[in-house]
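Please look over the sequence and the model first.

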Amino acid sequence: MFIDLAGRGLLIAYNVSSKKLTYTVYCSSKAYTERSDVYKGAVLQYISLDANGYQSILYDIYSLIKATKHSDSILILGVSGCCFLPIYRLFSKKRLIINIDGLEHRREKWGKLTRRFLKFSEQMAIKYGNVIISDNKGIQDYVNKEYGVSSELIAYGGDHVLCSITKEKENEILDKYSLRKEEYSFTVCRIEPENNVHIVLEAFAHSKRNLLIVGNWEKNEYGIHLLHQYKNYTNIKMLSPIYDISILNILRSNCSFYIHGHSAGGTNPSLVEAMFFGKPIIAFDVIYNRETTENKADYFSSVEELERLLSQNRDYYCNSRSMYEIANRKYRWKIIAEQYEALY
């Protein structure tokens with residue numbers, strides 16, 4: 001039996017998991033108004049705690065204890081609950097496969113105490129896990145250099161965003177947001193400093209090129225400030241979060257460029273998803289983004305560099321073709337599932 005903690009059962013959700021394994025997924029009961037007992041063959045167990053925020057620590061610990069009674073292998077996604085592992089190893093030798101996710105202790109949004117806690121939890125994950133998974137070569141190199149430990153390299157899938165769209169639906173959404181095909185750039189992200197939204201907005205404000213950017217603008221002071229600063233620019237549309245995959249599909253597939261400003265973490269799911277649409281990608285210049293795109297996208301690290309890339313009169317066909325090829329070769333969920341299941 002295999003247990004997926006944190007309720008992120010993507011391998012199950014996209015029907016690519018092996019039929020030889022039994023999956024149990026632990027979910028936050030607070031996140032669902034309707035609760036199914038089984039989803040696509042996986043047993044669902046509910047925990048009455050939030051899977052995010054400060055409760056995520058207790059959520060992970062409680063899930064781990066419950067999973068220990070029924071599983072042969074346990075997959076832990078993220079390190080926040082790994083602070084408990086020194087105690088856990090006193091009473092259990094169950095096989096723990098731990099995806100350490102991004103380097104959370106380096107994120108600017110956390111205070112000093114939180115960063116120290118996350119660093120400690122990361123250390124415990126590396127020390128007590130049987131298998132460590134890095135989602136990006138940059139993370140893999142960090143684990144090896146920081147801890148002298150070899151980790152498995154497994155990224156994320158992105159082909160779940162692909163879906164059939166009628167011409168009528170496409171025209172409806174483009175009209176709704178007053179967009180013309182390939183006459184705007186697009187980005188979707190959490191509005192945080194580490195995603196360099198301020199750089200993207202300033203570059204487009206200077207360039208006068210059209211930008212559609214989707215994010216949680218009113219979540220923090222950073223987002224609120226940017227919203228007030230740029231909301232009156234006629235070439236910039238700033239939308240609240242969109243969760244409908246079909247709408248995001250239309251917005252991604254009709255843009256001229258996909259702009260990816262993330263600078264922290266490892267392989268970013270939104271970047272992998274965007275690559276499946278075969279559009280030129282301009283990404284922030286950090287090792288994680290270069291590894292994900294195999295150095296075949298275009299990259300910026302300042303307002304001036306992004307402006308220059310936007311103003312260049314050149315063919316971005318090689319960029320777009322490479323993104324599509326890499327996505328289909330590396331980031332399909334069937335491939336990711338097989339990589340995980342080889343470790344159980």
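Cys82 is in no disulfide; its nearest cysteine sulfur belongs to Cys83, 7.8 Å away. For Cys189, the closest cysteine sulfur is in Cys255, at 14 Å, too far for a bond. This is a predicted model: local features need pLDDT of at least 70, side-chain atom pairs count only at pLDDT 80 or more, and totals for chains, interfaces and linings use all residues. Residues are numbered from 1 along each chain as its sequence is written, and side-chain values use heavy atoms, with hydrogens and water left out.

Buried means under 20% relative accessible area, exposed over 50%, partly exposed in between (1.4 Å probe, protein chains only).

| Residue | Relative accessibility |
|---|---|
| Cys82 | 0%, buried |
| Cys189 | 11%, buried |
| Thr293 | 0%, buried |

## Helix 4

Helices (H or I, at least four residues) and strands (E, at least two) are DSSP runs, numbered from the N terminus. Helix 4 covers residues 112-128, 17 residues in all. From first C-alpha to last it reaches 24 Å, close to the 24 Å expected at 1.5 Å a residue (1.5 Å times one less than the number of residues). Its buried residues include Leu118, Met124 and Ile126. Among the elements covering them are strand 6 (95-99) and helix 5 (137-147).

## Thr293

Thr293 sits in the loop between helix 11 (287-292) and strand 14 (298-300). Beyond neighbours within four places in sequence, Thr293 is in contact (heavy atoms within 4.5 Å) with Leu271, Met275, Tyr299, Met323 and Ile326.

How values were computed: Disulfide = S-S within 2.5 Å.
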